[in-house]
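Please keep the sequence and the model in view while working through them.

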Amino acid sequence: METPGVTRFTMIARDGAVLAAYRLLPGGPTMGIVQIAHGMSEHFLRYSHLTARLNQAGFAVFANDHRGHGASASAHGLGEFGARGFRAVVDDMAVLTALAKEEVPDKPFVLLGHSMGSFAAQLYLLDHSQELSALVLSGTAALDLLLAGLLAGGGPVTLELLNASFEPARTTFDWLSRDEAQVDAYMADSLCGFTLSDDAMGSLFQLGAGARADPRLARVRHDLPIYVISGERDPVVGPDQAFARALIDSYRQAGLNNIEHRVYPGGRHEMFNETCRDEVESELIAWLERALI
């Protein structure tokens, strides 16, 4: 799972939390920086294939394990964000941005958020759009609509709810990918598949659900290139992409019109771990090269 050349370092958050962060610098000319914000109940080292592809294309890659996740879990415990909840997760991303730009100055900067990381990126955008040269959202949605859909069943919100459209299924995580090896690796990883605490989950939905209606969206730079990546069968993006399209519509209504939405037929939630991931990554890199010209 390790990517050759990735260096782990310690990042001190604004509240003093000690978090694990990572960097991979190109061996040749640097085209830009990509900061990766990973999803819920996983960690950055699952992105080794994407990290290597970006690096080969000339991008420096930076990431941190979100608090409550991966090697950062020791700060508050697995599945716990701490006293400031999901707001602290977003603030941690801004701290890493400053570190990355200091280390690799004067280069285009891209934030890539997947799933929970994309919900954090939606909030990051509200205050930090001037830091960005481009934004990539994978497995994303209007979180208010996703929450309403999950609550419709009347029970607690868990990851298992997202597997409903794939039942009868081989595993409870078939919704992640058609690649059985990737699903099995996820399930075998002790740092994956856990459930956030009630406080952490509540903070995520409470803060994230208002992102697309936040008045600060009107102040986001209108020319920002945004690339949305969706799997056709991803339950997070909603039936017929309804939750993803609602987010995009909200952005367009706010004046953000430089948006491309790429939907992959048959794809599930983790397009960077899907059977067609080489195509997904190649098209992402091609889009980045166009967007950063």
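The model used here is a predicted one.

**Exercise 1. Exposure of a charged pair**

Task: Determine whether Glu131 is buried, partly exposed or exposed, and describe its link to Lys101.

Solution. 

Step 1. The relative accessibility of Glu131 is 33%. Buried requires a value under 20% and exposed a value over 50%, so Glu131 counts as partly exposed.

Step 2. Lys101 has a relative accessibility of 26% and therefore also counts as partly exposed.

Step 3. The side chains of these two residues, Lys101 and Glu131, form a salt bridge with an N to O distance of 2.8 Å.

Step 4. Lys101 belongs to helix α2, whereas Glu131 sits in the loop between α3 (116–128) and β6 (134–138); the pair therefore ties together parts that are 30 residues apart in sequence.

**Exercise 2. A buried charged pair**

Task: Explain which parts of the chain are tied together by Arg67 and Asp92, and state how accessible each residue is.

Solution. 

Step 1. In the salt bridge between Arg67 and Asp92, the closest N and O atoms are 2.8 Å apart.

Step 2. Arg67 has a relative accessible area of 1% and is buried. Asp92, at 2% relative accessibility, counts as buried too.

Step 3. In general, side chains of opposite charge can pair when their charged atoms come close.

Step 4. For the model as a whole, the count comes to 20 salt bridges.

**Exercise 3. The cavities**

Task: State how many cavities of 30 Å³ or more are found, and compare the classes of residue that line them.

Solution. 

Step 1. The count is 2 cavities of 30 Å³ or more.

Step 2. The largest cavity has a volume of about 240 Å³. Its lining consists of 23 residues, of which Met40, Ser115, Leu159, Leu162 and Trp175 lie nearest the centre.

Step 3. At least two residues of the lining of the largest cavity come from each of α3, α4 (143–151) and α6 (198–208).

Step 4. Sorted by class, the lining of the largest cavity contains 16 nonpolar, 5 polar and 2 charged residues.

Step 5. The second largest cavity has a volume of about 60 Å³. Its lining is made up of Glu42, Arg46, Tyr47, His114, Glu270, Met271, Phe272 and Asn273.

Step 6. By class, the lining of the second largest cavity holds 3 nonpolar, 2 polar and 3 charged residues.

Step 7. Glu42 and Arg46, both in the lining of the second largest cavity, form a salt bridge whose closest N and O atoms are 2.5 Å apart. Both Glu42 and Arg46 are buried.

**Exercise 4. The sheet**

Task: Give the order of the strands in the open sheet, and explain why β1 and β8 each have a side without a neighbour.

Solution. 

Step 1. The open sheet has 8 strands in the order β1-β2-β4-β3-β5-β6-β7-β8, and its pairing is mixed.

Step 2. β1 (7–12) and β8 (259–264) stand at the edges with a single partner strand each, so one side of each has no neighbour in the sheet.

Step 3. From one strand to the next, the twist averages 20°.

**Exercise 5. The partners and faces of β4**

Task: Describe how β4 pairs with β2 and with β3, and state whether its residues are buried or exposed.

Solution. 

Step 1. Strand β2 (residues 18–24) pairs with β4 in the antiparallel sense over 4 bridges. Arg23 has Phe62 as its bridge partner in β4, and Ala21 has Asn64.

Step 2. Strand β3 (residues 32–37) pairs with β4 in the parallel sense over 5 bridges. Here Gly32 has Phe59 of β4 as its bridge partner.

Step 3. In β4, 6 of its 6 residues are buried. Phe59, Val61 and Ala63 point one way, while Ala60, Phe62 and Asn64 point the other way.

Step 4. β3 is likewise covered on both faces, with Gly32, Val34 and Ile36 buried on one side and Ile33, Gln35 and Ala37 buried on the other.

Methods: Residues are numbered from 1 along each chain as its sequence is written. This is a predicted model: local features need pLDDT of at least 70, side-chain atom pairs count only at pLDDT 80 or more; totals for chains, interfaces and linings use all residues. Side-chain values use heavy atoms; hydrogens and water are left out. A salt bridge is a side-chain nitrogen of Lys or Arg within 4 Å of a carboxyl oxygen of Asp or Glu. Buried means under 20% relative accessible area, exposed over 50%, partly exposed in between (1.4 Å probe, protein chains only). On a 1 Å grid over the protein atoms alone, a cavity is a set of points where a 1.4 Å probe fits but cannot get out, and a pocket is an open set with protein on both sides within 12 Å along at least five of seven lines; lining residues have an atom within 4 Å of a point. Grid points are joined across faces, edges and corners, and a volume is the space filled by probe spheres set on the points. Ala, Val, Leu, Ile, Met, Phe, Trp, Tyr, Cys and Pro count as nonpolar, Asp, Glu, Lys and Arg as charged, and the others, Gly among them, as polar. Two strands pair if DSSP finds at least two bridges between them. Axes are lines fitted to C-alpha atoms, for helices over the stretch in contact, and angles run from 0 to 180 degrees between N-to-C directions.
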